[in-house]
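This report describes a single protein model.

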Amino acid sequence: MKKIGRLEKPDNFGSAHMFSNPILERISRTHISIPITMFLVMAVISFYIAYTETSTFLGTGILLLIAGFIFFTFVEYFMHKYFFHMEPNTPIKDKVQYSIHGVHHDYPKDKDRLAMPPFVSAAYAAILYLIFKLIMGDLAYYFLPGFLMGYASYLGVHYIVHAFPPPKNFFKTLWVNHAIHHYKDPDSAFGVSTPLWDIILGTMPKKD
């Protein structure tokens with residue numbers, strides 16, 4: 001199996017100690033509910049501003065919200081495949097890749113590191129707002145909530161597939177795909193919240 005982390009095989013019971021400084025170590029961890037709540041609150045505020053302060057027709061706004069959600073699923077796939085799984089062929093790349101994702105492959109059941117720390121999540125949201133606002137103007141107030149709802153959905157699904165056994169319904173596919181990604185073939189199943197882009201771009205797990 002292609003090696004993503006630094007352990008010979010995933011440790012389902014341990015947790016990485018990444019910083020010698022206890023403060024840095026503590027803030028590198030977060031309960032999944034904190035970033036999810038942050039993103040949903042930001043989404044509601046942005047939608048409220050869009051509805052009350054802009055002249056965009058509501059129907060157009062809803063389409064933009066849906067587009068933002070779908071766009072997030074593509075960003076999720078792209079970032080996972082090309083950034084989180086970048087080749088760690090230099091010391092800097094190795095440190096970055098391990099810090100943001102390799103550690104998760106080493107300790108996939110560590111619930112405190114299934115999301116970025118809150119201050120990083122807040123910075124992401126602020127940067128996304130500025131980018132969308134620069135490109136779309138007031139339309140960004142409808143597009144951003146969809147994107148943030150997609151991000152919150154991704155975090156929720158990612159937490160659930162690592163923390164709970166698979167359900168006996170169609171959502172089981174998400175559990176199976178992500179288990180294959182972690183324990184069998186890390187070059188497949190990059191989509192966590194949806195297999196859409198894996199299907200379109202040909203990275204679905206191979207059937208035995």
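## A buried serine and the basis of the model

Ser46 is buried, at a relative accessible area of 4%; buried denotes under 20% relative accessible area, exposed over 50% and partly exposed the range in between, with a 1.4 Å probe and protein chains only. The residue belongs to helix H2, where helices (H or I, at least four residues) are DSSP runs numbered from the N terminus. With neighbours within four places in sequence left aside, Ser46 is in contact with Ala140, Tyr141, Leu144 and Pro145, contact being heavy atoms within 4.5 Å.

The model is predicted: local features need pLDDT of at least 70 and side-chain atom pairs count only at pLDDT 80 or more, while totals for chains, interfaces and linings use all residues. Residues are numbered from 1 along each chain as its sequence is written, and side-chain values use heavy atoms, with hydrogens and water left out.

## Aromatic pairs

A pair of aromatic rings is described by the distance of the centres and the angle of the planes. Rings of Phe, Tyr and Trp (its six-membered ring) pair if their centres lie within 6.5 Å; planes under 30 degrees apart count as stacked, over 60 as edge-to-face and the rest as tilted. By this rule the model holds 17 aromatic pairs. Phe47 and Tyr142 form an edge-to-face pair, because their ring centres are 5.5 Å apart and their planes lie at 85°. This pair links distant parts of the chain, with Phe47 in helix H2 (residues 33-53) and Tyr142 in helix H6 (residues 140-163), 95 residues apart. Phe47 is partly exposed, with a relative accessible area of 27%, whereas Tyr142 is buried at 0%.

An edge-to-face pair is also formed by Phe74 and Trp197, at 5.1 Å centre to centre and 70° between the planes. Phe74 lies in helix H3 (residues 58-84) and Trp197 in helix H8 (residues 196-201), so the pair ties together parts that are 123 residues apart in sequence. Phe74 is partly exposed, with a relative accessible area of 30%, and Trp197 counts as buried at 17%. Elsewhere, ring pairs join Phe39, Phe71, Phe72, Phe132, Phe143, Phe147, Tyr151 and Tyr154 into a cluster.

## The largest pocket

On a 1 Å grid over the protein atoms alone, a pocket is an open set of points with protein on both sides within 12 Å along at least five of seven lines, whereas a cavity is a set of points where a 1.4 Å probe fits but cannot get out; lining residues have an atom within 4 Å of a point. Grid points are joined across faces, edges and corners, and a volume is the space filled by probe spheres set on the points. The largest pocket has a volume of about 800 Å³.

Its lining comprises 34 residues, of which Phe84, Ile100, Met116, Tyr124 and Tyr151 lie nearest the centre. At least two lining residues come from each of helix H1 (22-27), H3, helix H4 (91-106), helix H5 (118-136) and H6. H3 supplies the largest share, 7 residues. By class, the lining has 25 nonpolar, 7 polar and 2 charged residues; Ala, Val, Leu, Ile, Met, Phe, Trp, Tyr, Cys and Pro count as nonpolar, Asp, Glu, Lys and Arg as charged, and the others, Gly among them, as polar.

Arg6, Ala16, His17, Met18, Phe19, Lys95, Tyr98, Ser99 and Tyr107 form its lining, which divides into 5 nonpolar, 2 polar and 2 charged residues. Arg6 lies over the face of Tyr98, at 4.0 Å from the ring centre; a charge sits over a ring if NZ of Lys or CZ of Arg is within 6 Å of the ring centre and within 35 degrees of the ring normal.

A search of the whole structure finds 1 cavity of 30 Å³ or more. The largest cavity has a volume of about 30 Å³ and is lined by Val103, His104, Tyr107, Asp110 and Arg113. Its lining residues divide into 2 nonpolar, 1 polar and 2 charged.

## Two further residues

Ile70, in helix H3, counts as partly exposed at 43% relative accessibility. Ile70 and Phe147 are 77 residues apart in sequence and 7.6 Å apart in space, C-alpha to C-alpha.

Most residues other than glycine have a negative phi. Phi of Ala189 is near 55°, a positive value in a residue other than glycine. Ala189 is placed in the loop between helix H7 (172-183) and H8, and is buried, with a relative accessible area of 1%.
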